[in-house]
Amino acid sequence: MTDAAAVQAAPPPDDAADWQRLHPATLALAIVKLGPRSFQFLPAVAALGFTGNWGYIVPAILAFLLISLLAAWFQWLRFRFRVGDDEVVIESGVLSRQHRTIPFDRIQDVSIEQGLVARALGIARVGFETGAGGKENDASLDAVGLDAAQALRRTIRAHRSGEVAAPAAADTPDAAAASDDRLLFAMSPRQLLVAGLFNFSLAALAVVGAAMQFFDDLLPFDFNVFNPRDWIDLAGQYGLDQWVIAHRWIAGVGAGISLLFIGFASGIATMFFANWGFRLTREPRTLRRTRGLTTRTDVAVPVKRVQAAILITGWFRQRFGWHELRLQSLASDGEKERDHQVVPFARLDAIDPVLAEVAIARPGADAAWQQSHHIIALGGLVGALGATTGGLVVVAFGQALGWFGPVVGGLIAAASLFGVRFHRWTDLGEQVAIRRGFWKPKLTLLPHASVQSVDLKSDFIQRPLGLATLVFGVPGGSALATHEIPAIPLATARDLRDRILTARARA
Amino acid sequence: MTDTPAAHPTDPFDPEAVNAAEGLDPVDPAYAKVLRVATALNLIPLAIGASLFDWLLIRHIEGPYGLITALAWLVAITVIATFPSRRVSRWGYRIGDGQLRVARGWLFRTDTIVPFVRVQHIDVGQGPVERAFGLSHLIVHTSGTHNSTVTLPGLPADLAAAMRETIRRHIQTDFA
């Protein structure tokens, strides 16, 4: 692998020497990826088996492997990229060729990600963050040597900072002094352990349950390790059931303790796997985050692209002052998360410096919070009514299970009536703060300058009450979780809308 | 609710009231015809489907044959005749002060403001039905995830083009 940073001056466009291939280990990655993909082949194997053509199964699997490997090899052969003076050129595709040019100016930053296998092979996946919407618009190089990846990132960053250092410094005067990379936040194993304890979750049980369903049909023998009934049968054969009935209190306590253990263990494990070696550093133009135990990711959030900050906590961890900070940016964080988690678990005094880097301030203790109208509980109440009537209808048909309906309905009604009190907002002059939720309190800090459009909504319920809902169009984030201030007086809503839009015009 | 003088009609069900009270311009009345054609194209196949269902199934199970057909056509004709003009009267827009304002709906009313400087790009579109009535629609794209496109239908074609030019000039002066 040649050094990607070794860029010659004005290379001729078709100089074969300049083009680079991906690391040959790409083929090894392709073999690893074959594992999950061979599941697609199961129906074919089953079909061959049912029709009695057992002899064809092995050749068919071999042919499948061979074709997959050949395809991977062809793709590797036809994929090449070139790092030019001020652009990255990528050519790919076996049958339909794709030629993509990405100017350095448009690359916000370069992310580097290493999975478990990739780390063993010393390669990394390089993603170019261009700020273009949609996953498919961002280019990536699946496997290059780790040092080449870092050299590539250095090249692009050097190009960018050399060109725009002056304006960037003018934009953030307080951050400009620190031209070197500064560590903003890191997590020690001890902090991870504390965070993991608060991360108590019984989601692992659901995974076991799903595995139980899945393996029930698959395992050839009659004993399914994931099915508790099989274990109970086994226990019954040894007279264990008699013992359990005789000592049911001990058994109950044991079950409770093991549930607690599973919850804490899975919480700690997910925290350790995701956030091992967590480091958040401030670099000239970006916040860079590296983390992960098996899959190490290296993600950069350009400071100027940050649209909003979201502080999340929980009803219990709030009492100990623990919060999580997410930043909403134009790009999304990986495939699952929309917002970038920049501080997974910290007290507010550790979060404030990070917020200062993106020029967002938390409302002080004296902030004048205003409440949304209680009418927003109506949705929950209608749902509760539906659950109650549904349950009662089932009861009327003689199903005792239907009593769940009124119980759940009552809980929903109580929760929505109680949760209404936590819908608050305040205008801090340069930004709006929106707070909501009791179980998982969430504080959104939205700078006026991020607002692209404002909706003022009212409907046949809010209008007679003189209320309106403000919905803000903000780049990035999830389309499902829009930023809104529900059910506030119409005059206040109009006033706030005007202030936000004029503040933007001044900027 | 309003801060404008009571020169406007105050009957909340008066179609003029909603827009006038909020200082909005109405869209072209010809848009009602476009909506009527579009509604008809949607509902008439549904009514035909309901009639077929009635004819093929209800008749054979000796149900109340004709009831569904009559109901379907009644609803379709009522909706086609009355709804479009009501919906059109709820659309309103205002262009000026460096911002585009689009309001729509009554039961669920949404009043959107997009500052010109936040516009990413602008489309002026014209469907075949709109072309027949000399209308266009204006689509404004923003970079927000919510409201990434704001559509204003029912504009005379030349007005839509003029609005596009206005917004375009603002975008240019902003970058200059």
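This is a predicted model: local features need pLDDT of at least 70, side-chain atom pairs count only at pLDDT 80 or more; totals for chains, interfaces and linings use all residues.
Local features are given only where pLDDT is at least 70, side-chain atom pairs count only at pLDDT 80 or more, and totals for chains, interfaces and linings use all residues. Residues are numbered from 1 along each chain as its sequence is written, while chains are lettered from A and ligands numbered from 1 in the order in which they are written.

Chain A has 15 helices and 21 strands, where helices (H or I, at least four residues) and strands (E, at least two) are DSSP runs numbered from the N terminus. Of the 507 residues in chain A, 28% are buried, a term that requires 20 or more other C-beta atoms within 10 Å of the residue's own, with C-beta atoms placed from the backbone.

In chain A, four strands form an open antiparallel sheet in the order β1-β2-β3-β4, pairing being assigned if DSSP finds at least two bridges between two strands. The edge strands, β1 (20–21) and β4 (98–103) of chain A, each pair on one side only. Strand β3 (residues 87–92) of chain A joins β4(A) through six bridges in the antiparallel sense, and A:E87 has A:P103 in β4(A) as its bridge partner.

Most residues other than glycine have a negative phi.

| Residue | Phi |
|---|---|
| A:A487 | about 50° |
| B:N147 | about 65° |

A:A487 is placed in strand β21 (residues 483–489) of chain A, and this residue is buried because 25 other C-beta atoms lie within 10 Å. B:N147 belongs to the loop between β6 (135–142) and β7 (149–156) of chain B, and B:N147 counts as buried because it has 25 C-beta neighbours inside 10 Å.

Terms used. A residue is buried if 20 or more other C-beta atoms lie within 10 Å of its own, exposed if 12 or fewer, and partly exposed in between; C-beta atoms are placed from the backbone.
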